[in-house]
Amino acid sequence: MIAVLRASMSGLYSAVGSHRFLCQQGFRPLHDRLAGEGLAVSPDTPGSAAAAIVFATRSRSDSLGAVAEALALVPPGAVVAVTGARTDGIDALMRQIGSVMPLDGRMSKAHGRVFHFRRPVQLPTEVESWAADHALRPNAAGFMTGPGMFSPDHPDPGSERLASHAQGRLGGAVADLGAGWGWLAARLLATNPEIATLDLHEAEARALEAARRNVTDPRASFHWSDVTRLTGSGYDWVVSNPPFHRGRAAEPELGVSFITAAARLLKPAGSLLLVANRSLPYEATLARVFRSVTPLAEDEAYKVIEAKRPVTARSG
Ligand SMILES: C[S@@+](CC[C@H](N)C(=O)[O-])C[C@H]1O[C@@H](n2cnc3c(N)ncnc32)[C@H](O)[C@@H]1O
């Protein structure tokens, strides 16, 4: 079998035969798309494989970490191929890998590049540091985080604003949509004794793994979710600092789909507390899916908004 780490959608699978691949993808929406194509896919790296392909990501240390994982699961002499976009730094990645292991071949096409090498019998010492750099470790605030996560080095200023507006106000069943490595959730639990349960929904499996380590309050539970596809209702409060870009491009539609998900997931008398970059155009959606919308604060960078009583099919 061929392991594909950080697997992306590709014509490669059907060209070679989908049954020959074991894909690893920790981002739930992409994981679900790959599974929908009939591929074997898991958030975890497979234990062994005859060869490996790494789809490089925008984070250099995540890509090097994936190459270290690939080298650990294939036998000496096996081929490891790395592919990625020039705009995501594939050329610099290739130079760095090529400086410690001889490359067997390289090819570029349009805005992308592929290069490959064979796993040496003796791994260069650098590979160990690629793995170590990628591991979860405590940041300055004492939370476990890792490269490639949202705001790994410090709590996000938007989440800090949201937490200060939530203090002492939340109770009952609560959800944090896009919970990241859990700073906001930890803060909400610490400052809201009336919270009965807090569900952390997060699409990145590694961020969720970090959140599990960071949020030890027994009221918390952890869900590897694509929030845009969540259904059900039953939360008294939803809190969210929603994502607003995929890759490089700003995509306010992602935040919009978090707002509509919040409306679906709340009880009829429930409320959403949201923080967003000031420039993001969420007001029209909020007015459409909630009966009452109140701006709580706005500064040069962020706005905090409370939206109450979702308009659902049930409530009319
Ligand atoms: C702006 S960050 C907020 C993180 C965290 N609440 C904090 O305050 O640090 C948004 C989070 O949403 C996650 N995310 C992106 N798309 C998602 C989706 N479709 N479903 C669930 N989470 C998603 C991202 O991985 C990221 O951790």
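**Figure 1. Contact between domain 1 and domain 2.** In this predicted model, 14 residues of domain 1 are in contact with eleven residues of domain 2; two residues are in contact if their C-beta atoms, placed from the backbone, lie within 7 Å. α2 (28-36), α3 and α5 (125-134) each supply at least two residues of the side of domain 1 that touches domain 2. The most, three residues, come from α2. By class, this side of domain 1 has four nonpolar, five polar and five charged residues. Ala, Val, Leu, Ile, Met, Phe, Trp, Tyr, Cys and Pro count as nonpolar, Asp, Glu, Lys and Arg as charged, and the others, Gly among them, as polar. Domain 1 covers 2-135 and domain 2 covers 138-310, with bounds from an automatic or database domain assignment. Their C-alpha centres lie 32 Å apart. Residues are numbered from 1 along each chain as its sequence is written. Because the model is predicted, local features need pLDDT of at least 70 and side-chain atom pairs count only at pLDDT 80 or more, while totals for chains, interfaces and linings use all residues.

**Figure 2. The whole protein chain.** The secondary structure comes to ten helices and 18 strands; helices (H or I, at least four residues) and strands (E, at least two) are DSSP runs, numbered from the N terminus. The radius of gyration is 21 Å, close to the 20 Å that the globule rule gives for 316 residues, so the protein chain is as compact as a globular protein of that length. This radius is taken over C-alpha atoms, and the rule is 2.2 Å times the number of residues to the power 0.38. Along its principal axes the C-alpha trace spans about 60 × 40 × 35 Å. Buried residues make up 43% of the 316 residues. A residue is buried if 20 or more other C-beta atoms lie within 10 Å of its own, exposed if 12 or fewer, and partly exposed in between, with C-beta atoms placed from the backbone.

**Figure 3. The shell around the ligand.** Of the 21 residues around the ligand, Ser-159, Gly-178, Gly-180, Ala-203 and Val-227 come nearest; a residue is near a molecule if its C-beta atom, placed from the backbone, lies within 6 Å of it. α7 (183-191) and β11 (195-202) are the elements that give two or more residues to this shell. Nine of the shell residues are nonpolar, eight polar and four charged.

**Figure 4. Helices α7 and α8.** In α7, the buried residues are Trp-183, Leu-184, Ala-185, Ala-186, Leu-188 and Leu-189. Their cover includes α6 (157-166), β10 (172-177), β11, α8 (205-214), β12 (220-224) and β13 (235-240). α8 has Arg-206, Ala-207, Leu-208, Ala-210, Ala-211 and Asn-214 as its buried residues, and these pack against β9 (144-145), α7, β11 and β12.

Figure 5. Ile-90, Leu-93, Met-94 and Ile-97 are buried in α4 (residues 90-98). They cover an arc of only 100° around the axis, which puts them on the same side of α4; the arc is that of the directions from the helix axis to the C-beta atoms. Ala-92 and Arg-95 are exposed on the face turned away from the buried side. Among the elements that cover the buried residues of α4 are α3 (60-73), β5 (79-85), β6 (103-109) and β7 (112-118).

**Figure 6. Surroundings of Leu-296.** Leu-296 lies in strand β17 (residues 290-298) and is partly exposed, with 16 other C-beta atoms within 10 Å. Not counting residues up to four places away in sequence, Leu-296 touches His-165, Val-304, Ile-305 and Glu-306.
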